[in-house]
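Please keep the sequence and the structure at hand while reading.

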Amino acid sequence: LFPDPTAPLLPDRSIRFFPRIADELDAAWRLRGRVLVRGRSKTGKTREVVELLRRWWYTGPTVLLAKNHVGLYPPYKVPATLPVRNLVLLFDDVDRYCGDADAVRRLDQTIDFFADLCHDPEELRVIATARQEPEFWNELHYDESDPSWDEFELVSLPALPPDGARRLIDHLAQDCDIAVDPAVAEELATKNDGTFLNLALSFRGWRNRRQAAIGL
């Protein structure tokens, strides 16, 4: 789900986690079992989902991650060794698997296929992330009264606030073992557009300019 942690640039999973909807996700996970996380691109939806799984990893789930842009055409061939309890289906950017009403129905049929496989529907949980920009969100044909979506708990992820951006800048500086002038940190945080991508790129740019200025 995340870039190679050995990459020379700051990879996503090396950035410290800044929880914003952990309580809502935990409640939806316990009570509904189907969670749809909606938010702007690059605001941390995937990270929130991964950290949710991390918090519940002690329960021993088997997580099945849908491949990018794969077509959903049940029934599926599954390994005989696949557990039939405590299964989790994960669709990151679920709009990639939709696109029209028929594709949404196939998504629903895919979920039903694995629920039937488990025999007990409570043994299957489903997590999906969705980008809220219209060009992505509209692909879902989302209607909370539609049988394809009514079992999902919709949880909205807000943009990264300036105080959270400032905390992350301080963490990045600490992890990179460099000092950031408080005025510079405040400027980067204030100008951030609410996304982790913008913050990481701004920090990397500042770091590179600083290193060039001191001849590193």
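This is a predicted model: local features need pLDDT of at least 70, side-chain atom pairs count only at pLDDT 80 or more; totals for chains, interfaces and linings use all residues.

**An enclosed helix**

Of the 11 residues of helix H2 (residues 45-55), 9 are buried, so this helix is largely enclosed by the rest of the structure. The buried residues are Lys45, Thr46, Arg47, Glu48, Val49, Val50, Glu51, Leu52 and Leu53, and what covers them includes helix H1 (22-31) together with strands E1 (34-39), E2 (62-65), E3 and E4. Glu51 counts as buried because its relative accessibility is 8%, where the cut-off for buried is under 20%. The side chain of Glu51 is joined to that of Arg54 by a polar contact of 2.9 Å.

**Two nonpolar cores**

The largest nonpolar core has 25 residues, among which Leu36, Phe91, Val94, Leu107 and Leu124 touch the most other members. At least two residues of this core come from each of strand E3 (87-91), helix H3 (101-118) and strand E4 (124-131), and H3 gives the most, with 7 residues. If residues up to four places away in sequence are not counted, Val94 touches Leu36, Leu107, Ala128, Thr129, Ala130 and Leu140. A second, separate core holds 18 residues, including Phe18, Ile169, Phe203 and Trp206.

The N-terminal end of H6 is capped by Asp181, a side-chain oxygen of which lies 2.8 Å from the backbone nitrogen of Ala183.

Ile178 has its place in the loop between helix H5 (162-175) and H6. Is Ile178 buried or exposed? With a relative accessible area of 18%, Ile178 is buried. Leaving aside neighbours within four places in sequence, Ile178 is in contact with Ala173, Phe203, Trp206, Arg207 and Arg210. Asp175, by comparison, belongs to helix H5 and is partly exposed, with a relative accessible area of 42%.

| Pair | Separation in sequence | C-alpha to C-alpha distance |
|---|---|---|
| Ile178 and Thr190 | 12 residues | 20 Å |
| Asp175 and Arg16 | 159 residues | 9.4 Å |

**A pocket**

Rolling a probe the size of a water molecule over the atoms shows where empty space is left. The second largest pocket has a volume of about 290 Å³. Which residues lie nearest the centre of this second largest pocket? They are Ala66, Val70, Leu72, Tyr76 and Phe114, out of the 15 residues that line the pocket. Two or more lining residues come from each of the elements E2, E3 and H3, and E3 gives the most to this lining, with 3 residues.

How values were computed: Residues are numbered from 1 along each chain as its sequence is written. Side-chain values use heavy atoms; hydrogens and water are left out. A nonpolar core is a set of buried Ala, Val, Leu, Ile, Met, Phe, Trp, Tyr and Cys residues joined through side-chain atoms within 4.5 Å. Buried means under 20% relative accessible area, exposed over 50%, partly exposed in between (1.4 Å probe, protein chains only). Helices (H or I, at least four residues) and strands (E, at least two) are DSSP runs, numbered from the N terminus. Contact means heavy atoms within 4.5 Å. A polar contact is a pair of N or O atoms within 3.5 Å; within protein, one must be able to donate a hydrogen and the other to accept it, and residues adjacent in sequence count only if both atoms are side-chain atoms. On a 1 Å grid over the protein atoms alone, a cavity is a set of points where a 1.4 Å probe fits but cannot get out, and a pocket is an open set with protein on both sides within 12 Å along at least five of seven lines; lining residues have an atom within 4 Å of a point. Grid points are joined across faces, edges and corners, and a volume is the space filled by probe spheres set on the points.
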